[in-house]
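This report describes how parts of one protein model are arranged. It covers strands, a pair of helices and the surroundings of a ligand.

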Amino acid sequence: MTIAVLGGGAAGFFGAIACAEANPALRVLLLEKTGKLLSKVRISGGGRCNLTHAADTPAQLVQHYPRGGAQLKQPFHTFGAPDTVRWFADRGVQLKTEPDGRMFPVTDSSETVAQCLLDAARRAGVEVLTHTAADSIRMLPEGGFELTLSGSSAPPVLRVARLLVATGARPNRSSTTGCGSWATRCRSPCRACSLSTCPTRHCVSCRA
Ligand SMILES: Cc1cc2nc3c(=O)[nH]c(=O)nc-3n(C[C@H](O)[C@H](O)[C@H](O)COP(=O)(O)OP(=O)(O)OC[C@H]3O[C@@H](n4cnc5c(N)ncnc54)[C@H](O)[C@@H]3O)c2cc1C
């Protein structure tokens, strides 16, 4: 089974590593449209990468988010700050806590974090393709997804059983990248009449 991960940022790498480590039989492909991997990780925290905050519980952690705390509480029960600390420690990255509770790698360098993610992906067998953009996604009636790709090393069409979209934030709704545009361009057949329609809306044909 093949799973494609779109986006070579922190989320894409973490997701790809999690998939590959959980099931070594999977083929995990990480597709990044630019030539640079983890570029935001490298500039984050002023080049030091503020990885997480010293907080034992989700309730404590969400207090440090100016927005979205309520929505984040449940995900933090699945993977919280102590899990982040353990995940990186297991892969050789020690963290330190500053007086205000922010946690950074002891090296004070975001490069440590980027290298950790790159090494973990390589060890887990994640295949990374740069200069490879997913231009469209189609849900297949029989299950899985068909991606239309552009870029130097990519086949033009790729079919995968599972898909993880981690293409980063969306600056505005008309952007050609980001989750909003994927949601509106990801089309699947209507369950009632089998005509193609956006899964988030009523079928344009039969109104189901
Ligand atoms: C200056 C700055 C400082 C920051 N400091 C911190 C910090 O200290 N601590 C912290 O936790 N957060 C920090 N952040 C926020 C943090 O960097 C981001 O939240 C995080 O990097 C987002 O990761 P991501 O993987 O979701 O998205 P991104 O890093 O944006 O990755 C998305 C990737 O998807 C690729 N992509 C887009 N469209 C496609 C497509 N169609 N096909 C293939 N690939 C595609 C993009 O090229 C990109 O590489 C900071 C952000 C900035 C800008």
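## The sheet of β3, β5 and β4

Three strands make an open sheet in the order β3-β5-β4, and their pairing is antiparallel. Because β3 (52–53) and β4 (95–97) stand at the edges with a single partner strand each, one side of each has no neighbour in the sheet. Strands here are DSSP runs of E with at least two residues, helices are runs of H or I with at least four residues, and both are numbered from the N terminus. Two strands count as paired if DSSP finds at least two bridges between them.

Two bridges join β3 to β5 (residues 102–105) in the antiparallel sense. In one of these strands, β5, M103 is the bridge partner of T52.

## Basis of the model

This is a predicted model, in which local features need pLDDT of at least 70 and side-chain atom pairs count only at pLDDT 80 or more, while totals for chains, interfaces and linings use all residues. Residue numbers start from 1 along each chain as its sequence is written.

## The sheet of β7, β8 and β9

Another open sheet of three strands has the order β7-β8-β9, again with antiparallel pairing. Its edge strands are β7 and β9, each of which pairs on one side only. On average, neighbouring strands of this sheet are turned by 30° against each other, with direction ignored. Such angles are taken between axes, which are lines fitted to C-alpha atoms (for helices, over the stretch in contact); in general they run from 0 to 180 degrees between N-to-C directions.

The strands β7 (132–139) and β8 (residues 145–151) run antiparallel and are joined by seven bridges. S136 stands opposite T148 in β8, and A133 has S150 as its bridge partner in β8. Five residues lie between β7 and β8 in a hairpin, and G143 in the turn has a positive phi of about 105°.

β8 also pairs with β9 (residues 157–160), in the antiparallel sense and over four bridges. L158 in β9 is the bridge partner of L147, and F145 stands opposite V160 in β9. β8 and β9 form a hairpin as well, with five residues between them.

## Helices α1 and α6

The axes of α1 and α6 (residues 110–124) come within 9 Å and cross at roughly 30°. That angle makes α1 roughly parallel to α6, because angles under 35 degrees count as roughly parallel, over 145 as roughly antiparallel, 65 to 115 as roughly perpendicular and the rest as oblique. The crossing of α1 past α6 is left-handed, a term for a near helix turned anticlockwise from the far one by less than a right angle, with clockwise giving right-handed.

Which residues of α1 meet α6? They are F13, A16, I17, A20 and E21, and in α6 they meet L117, A120, A121 and A124. Residues are in contact if their C-beta atoms, placed from the backbone, lie within 7 Å. By class, this contact of α1 with α6 has eight nonpolar, no polar and one charged residues. Nonpolar means Ala, Val, Leu, Ile, Met, Phe, Trp, Tyr, Cys and Pro; charged means Asp, Glu, Lys and Arg; the others, Gly among them, are polar.

## Around the ligand

The ligand is surrounded by 24 residues, and the closest are G7, G9, G45, N50 and G168. A residue is near a molecule if its C-beta atom, placed from the backbone, lies within 6 Å of it. The shell around the ligand has 10 nonpolar, 11 polar and three charged residues. α1 (10–22), α2 (39–43) and β7 each supply at least two residues of this shell.

Conventions:
Contact = placed C-beta atoms within 7 Å.
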